[in-house]
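Here is a short briefing for anyone opening this structure for the first time. Have a look at the sequence and the model, then read on.

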Amino acid sequence: MSQITDIPSRTSLFILNALLALVRYLFIFLVAFVLFGLILLIAGKDPILAIKDTFSSTLGSTYGFSEVIVKMIPLIFTAIAVALPSRVVLINVGGEGQLYMGAWLATWGALTFAALPVWALLPLMMGLGMIGGSLWAFIPAFLRARGWVNETITTLLMNYVAPSVVTFFIYGPWRSPGNALYPQTVDFVPAARLPTFFGTRVHLGLIIALGLLVLYWFIMKYTRWGLEMRAIGGNPQAARRNGIPLTVYLIVILCIGGAVAGLAGMSEISAIHGRLRPGFSPGFGYMGFLISWLSGGNPMGILVMSFVIALISSGGDILQINQGLPFAVVNILLAITLFVVLGRPALLKGKKA
Amino acid sequence: MSLLSILGVISSAIFSGTSLLYATLGETLNERAGIVNLGLEGVLLVSASVGFAVASQTGNPNIGVLAAMLAGGLMNLLFGFLVITRRANQLASGLAVMFFGFGLSALIGKSYVGARINGLPRFILPGLSSIPALNTSQFKFDVLIYLAVPIAILIWWLLFRTRWGLSLRAVGENANTAFAAGRNPQLIQYQALFFGGLLAGLGAAHLSIAWTMTWAEFMTAGRGFIAVALVIFSKWHPIRAIAGALLFGGAVAFQLLLQASGIAISPFLLDTFPYMLTILVLIGWGGTRKHAAPASLGRVYQGTE
């Protein structure tokens with residue numbers, strides 16, 4: 001778009017745009033909350049109380065706030081796992097499966113090399129988590145790059161395979177003899193636990209996630225890889241004819257996405273659970289997809305939206321406890337938010353990046 | 001293995017394949033009109049929960065089936081509003097509908113977890129009852145099973161032998177051309193979505209009202225996505241969709257056979273079999289299927305203004 005003369009200063013433009021974006025986002029969430037409230041009302045619940053509970057239990061106390069941050073960590077990972085492949089027009093809906101396989105291989109490391117010191121064991125588990133996630137992503141990536149099967153449907157189907165594999169190991173070879181009622185692996189040794197901060201459950205994964213977010217931003221903006229990825233995103237055939245190795249990019253980028261999702265699984269079981277148990281993820285992979293879409297793959301947007309979705313998701317816990325609603329109900333609020341974003345009139349759309 | 005247990009396996013293959021056939025037929029209608037509905041999983045869940053709740057409240061499974069169909073149609077219209085009227089991205093909108101279905105079905109079904117209902121009555125076809133080997137309780141099926149193949153043929157007839165079907169396929173190939181030929185692409189896409197939703201609702205109703213006769217959160221367990229995959233497998237053709245559904249039913253039967261034969265395989269690994277088979281089938285057919293897809297599949301019709 002060509003610039004017109006009489007340009008205001010960059011700073012004031014930036015502030016104006018940021019304010020406009022904030023107003024747009026606030027309006028989107030206002031509409032989403034009102035619609036969600038209506039559905040709760042129809043279901044015979046008190047919507048005002050439910051929404052008040054959601055906010056007071058999360059933003060109202062230091063502990064509540066720290067729990068939102070804890071939920072935000074895997075979401076940043078899984079959002080990057082979707083956002084990075086989306087730059088080369090790959091649709092990775094398999095974050096959930098990649099997360100499980102990351103956790104699975106990291107658990108193998110934690111159980112097998114339990115004697116290692118912490119400085120060796122934790123990096124090993126992270127590496128294994130990344131390998132687990134990227135191996136899971138490699139299958140759809142390879143099939144897509146060969147032009148055989150679209151990655152959207154394969155990543156989705158594989159989400160249903162990974163949790164079964166994990167459950168098989170928990171009920172089979174890795175089952176802890178101590179606990180008959182709730183099948184799970186034995187507790188990890190202390191060296192396999194990511195350190196936490198300030199007496200809360202906020203853990204080292206936060207630093208890693210934020211670091212990856214900065215790295216993602218830097219690579220996209222300042223490196224040749226980022227430039228080539230943007231070229232592929234713009235026009236894959238033109239990029240290929242200009243000598244960009246399209247096939248290699250498709251496979252490697254989706255595998256890196258899988259690796260990041262694997263890290264989410266590794267950090268969850270290492271820092272939060274301290275063991276592998278079935279169904280430990282309440283849909284972090286799917287929520288990451290949502291965050292990536294809502295933020296348009298923009299790093300700052302991922303940070304903000306991860307926080308918001310973590311807030312909504314923590315609210316889901318509260319709704320479950322205080323109102324006796326199933327946890328899955330929080331998906332309604334997530335979905336309505338996405339509906340409003342997808343279906344909003346042009347007035348509420350930001351300018352195209 | 002006795003004859004009885006083999007018949008049992010075939011019977012459960014038929015039960016399992018039926019809901020999938022309806023869902024695949026519904027998705028075929030959508031995709032022939034150029035719309036990919038990844039939200040099918042959510043649509044099935046909402047239909048299954050609504051159908052079960054209504055059947056439980058009224059005590060009448062037939063009303064439950066109708067309610068499930070209507071719920072499926074309405075869910076697809078909601079999806080249609082996003083992708084047709086608001087021209088939003090189909091894949092993202094589909095996943096939004098999926099999330100919505102996850103949540104809404106959990107909310108609707110919450111008070112019905114563990115409830116019992118009168119399922120659709122099961123009967124044996126008059127001709128078959130004279131064969132003693134088949135005249136067992138396992139070969140009594142509900143009306144939705146008997147109707148599945150006739151409905152598949154009906155959808156084929158609608159798509160390939162009627163003016164409406166021709167218009168619908170034209171919209172899926174090139175909406176602008178269809179518009180130039182005097183059709184209303186958006187109206188036809190809405191119709192395709194609504195009818196597709198009714199069919200998905202039938203499939204979900206079969207799952208919760210006729211087969212399992214229970215409601216459980218996430219009970220469809222990825223059937224919506226398997227149906228989307230089977231549409232590709234069947235080359236967007238209703239008759240071949242029958243083969244796809246039989247394949248899936250066969251996968252479930254194979255799973256049961258293995259368990260019945262006493263081979264020690266973990267049930268958790270067996271659970272992954274249908275999904276892996278679906279992926280393998282897509283790989284095997286993948287390369288040759290591409291040109292069978294409607295040309296404008298997934299593309300947003302921008303209108304003519």
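A:Arg201 counts as partly exposed, because its relative accessibility is 36% (buried means under 20% relative accessible area, exposed over 50%, partly exposed in between, with a 1.4 Å probe and protein chains only). This is a predicted model, where local features need pLDDT of at least 70 and side-chain atom pairs count only at pLDDT 80 or more, while totals for chains, interfaces and linings use all residues. Residues are numbered from 1 along each chain as its sequence is written, chains are lettered from A and ligands numbered from 1 in the order in which they are written, and side-chain values use heavy atoms, leaving out hydrogens and water.

**Salt bridges**

- A:Arg201 pairs up with A:Glu67 in a salt bridge, with 2.7 Å between the closest N and O atoms (a salt bridge is a side-chain nitrogen of Lys or Arg within 4 Å of a carboxyl oxygen of Asp or Glu).
- That pair links distant parts of the chain, 134 residues apart: A:Glu67 sits in helix H3 (residues 62-87) of chain A, and A:Arg201 in the loop between helix H7 (162-171) and helix H8 (205-222) of chain A. Helices here are DSSP runs (H or I, at least four residues), numbered from the N terminus.
- A:Glu67 itself is buried, at 15% relative accessible area.
- A:Arg144 and A:Glu151 form another salt bridge, at 2.8 Å between the closest N and O atoms; A:Arg144 is partly exposed at 27%, whereas A:Glu151 is buried at 1%.
- A:Glu228 and A:Arg224 also meet in a salt bridge (3.1 Å, N to O). They are about one helical turn apart, because four residues separate them in helix H9 (residues 224-234) of chain A.
- Over all chains, the count is four salt bridges.

**Where the chains meet**

- On the chain B side, 44 residues are in contact with 40 residues of chain A (contact means heavy atoms within 4.5 Å).
- The two chains bury about 3600 Å² between them, 85% of it on carbon and sulfur atoms; buried area is the accessible area (1.4 Å probe) that two parts lose on being put together, summed over both.
- B:Phe99, B:Leu107 and B:Phe268 supply 19% of the area chain B buries against chain A, more than any other three residues.
- Between chain B and chain A there are zero salt bridges.

**A spot inside chain B**

- B:Thr28 is found in helix H1 (residues 3-32) of chain B, and counts as buried because its relative accessibility is 0%.
- Leaving aside neighbours within four places in sequence, B:Thr28 is in contact with B:Val231, B:Trp236, B:His237 and B:Pro238.

Methods. Helix = DSSP H or I, 4+ residues; strand = E, 2+ residues; numbered from the N terminus.
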